[in-house]
Amino acid sequence: MYLRRSVFAMALSIALTALVAFAQPKTFNFDADAAGKAPAGFTSYSTGGGPAGKWVVTEIDGAPSGKHVVVQTDADSTDTRFPVLIADSGEYSDLDVSMKAKSISGKIDQGMGLVFRFRDPKSYYIVRANALEDNLRLYRMVDGKRLQFASANVKVPANQWHTIRVVAKGDHITCWFDGKQLIDSHDKTYTTGKIGLWTKADGVIAFDDLNVSQQ
């Protein structure tokens, strides 16, 4: 009997430790990554047409934290091209996730996006701000097709750092831009998945401080 209790207690302790570790907030700031290379612990995907993105750790003065950021540098102009960079570790259902981003260039698009509940390159949510359109939009990507279901107009100055944040609990999704909640919506297409970064077409975008916590 004592042995059974000990085994049960050990198993419970391991499970609780794993749960606490899973729920711990996580930050990706790229400062430990070597400049000129792709960031460690991330995988690049492409949704839609055109090539996958080229994601490069770059040293930038005035970065939100440290000096290293990650930049999607490939300016391929395919209009249906959506480069995605996904964190390999961690799956989140109810979550609070944010990142900082700055549009550098792009004639067709300057969308800087935050991906959440990523299932595969054709299935995820994306909220993005666009410096050419001055808006914040929330999409579901279904079978590789981008479907908008919420939007708000907001000034998005180029070449400035901005913060995009999503809080998702069940089917309730709220989206924030520079500290202001602009979108309050509901959707139940995806319930869990990974997080990451997103751009569109020829947009050259810098990203830093990808933060996530399980809610």
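**Rings, charges and strands**

Guide: Start with a cluster: ring pairs link Phe116, Tyr125, Phe149 and Tyr190. Keep in mind that this is a predicted model. By the ring rule, the count comes to nine aromatic pairs.

Visitor: Why is the pair of Tyr45 and Phe118 called tilted?

Guide: The ring centres of Tyr45 and Phe118 are 5.4 Å apart, and the planes make 40 degrees. Centres within 6.5 Å make a pair; under 30 degrees is stacked and over 60 is edge-to-face, so 40 degrees falls in the rest, tilted.

Visitor: What makes this pair a tie between separate parts?

Guide: Tyr45 lies in strand S2 and Phe118 in strand S7, so the pair ties together parts that are 73 residues apart in sequence.

Visitor: Is Phe118 buried or exposed?

Guide: Phe118 has a relative accessible area of 5%. Buried means under 20%, so Phe118 is buried.

Visitor: Why is the pair of Phe118 and Tyr124 called stacked?

Guide: Their planes are 25 degrees apart, with 5.6 Å centre to centre. Stacked needs under 30 degrees and a pair needs centres within 6.5 Å, so both conditions hold. Tyr124 is buried, and so is Phe118.

Visitor: How do you know that a charge sits over the ring of Trp176?

Guide: The charged end of Arg165 is 4.8 Å from the ring centre of Trp176. The distance limit is 6 Å, so this value passes. Arg146 also lies over a ring face, that of Tyr139, at 4.4 Å from the centre.

Visitor: What makes Glu91 and Arg119 a salt bridge?

Guide: Their closest N and O atoms are 3.0 Å apart. The limit is 4 Å, so the pair qualifies. It links distant parts of the chain: Glu91 is in the loop between strand S5 and S6, Arg119 is in strand S7, and 28 residues separate them. Glu91 has 33% relative accessible area and is partly exposed. Arg119, at 42%, is partly exposed.

Visitor: How do you know that Lys100 and Asp209 form a salt bridge?

Guide: Here the closest N and O atoms are 3.8 Å apart, within 4 Å, so the label holds. Lys100 is in strand S6 and Asp209 in strand S15, 109 residues apart. Lys100 is partly exposed at 25%. Asp209 is buried at 9%.

Visitor: Why are Asp109 and Lys200 called buried?

Guide: Asp109 has 4% relative accessibility. Lys200 has 5%. Buried means under 20%, so both count as buried. Salt bridges that share partners join these residues and Asp79 into one network. Asp109 and Lys200 form a salt bridge with closest N and O atoms 3.7 Å apart. The structure holds 11 salt bridges.

Visitor: What makes S6 and S11 a pair of strands?

Guide: DSSP must find at least two bridges, and these strands have seven, so they pair. The sense is antiparallel.

Visitor: Why does Ser123 count as buried?

Guide: Its relative accessibility is 13%, under the 20% limit, so Ser123 counts as buried. Ser123 is found in strand S8. Ser123 touches Arg117, Phe118, Met141 and Tyr190, leaving aside residues up to four places away in sequence.

Visitor: What makes Ala63 buried?

Guide: Ala63 has 12%, which is under 20%, so the label is buried. Ala63 is in the loop between strand S3 and strand S4. Leaving aside residues up to four places away in sequence, Ala63 touches Val69, Trp161 and Asp208.

Visitor: How many residues of the protein are buried, as a percentage?

Guide: Buried residues make up 46% of the 215 residues. The secondary structure comes to one helix and 15 strands.

Key. Residues are numbered from 1 along each chain as its sequence is written. This is a predicted model: local features need pLDDT of at least 70, side-chain atom pairs count only at pLDDT 80 or more; totals for chains, interfaces and linings use all residues. Side-chain values use heavy atoms; hydrogens and water are left out. Rings of Phe, Tyr and Trp (its six-membered ring) pair if their centres lie within 6.5 Å; planes under 30 degrees apart count as stacked, over 60 as edge-to-face and the rest as tilted. Helices (H or I, at least four residues) and strands (E, at least two) are DSSP runs, numbered from the N terminus. Buried means under 20% relative accessible area, exposed over 50%, partly exposed in between (1.4 Å probe, protein chains only). A charge sits over a ring if NZ of Lys or CZ of Arg is within 6 Å of the ring centre and within 35 degrees of the ring normal. Contact means heavy atoms within 4.5 Å. A salt bridge is a side-chain nitrogen of Lys or Arg within 4 Å of a carboxyl oxygen of Asp or Glu.
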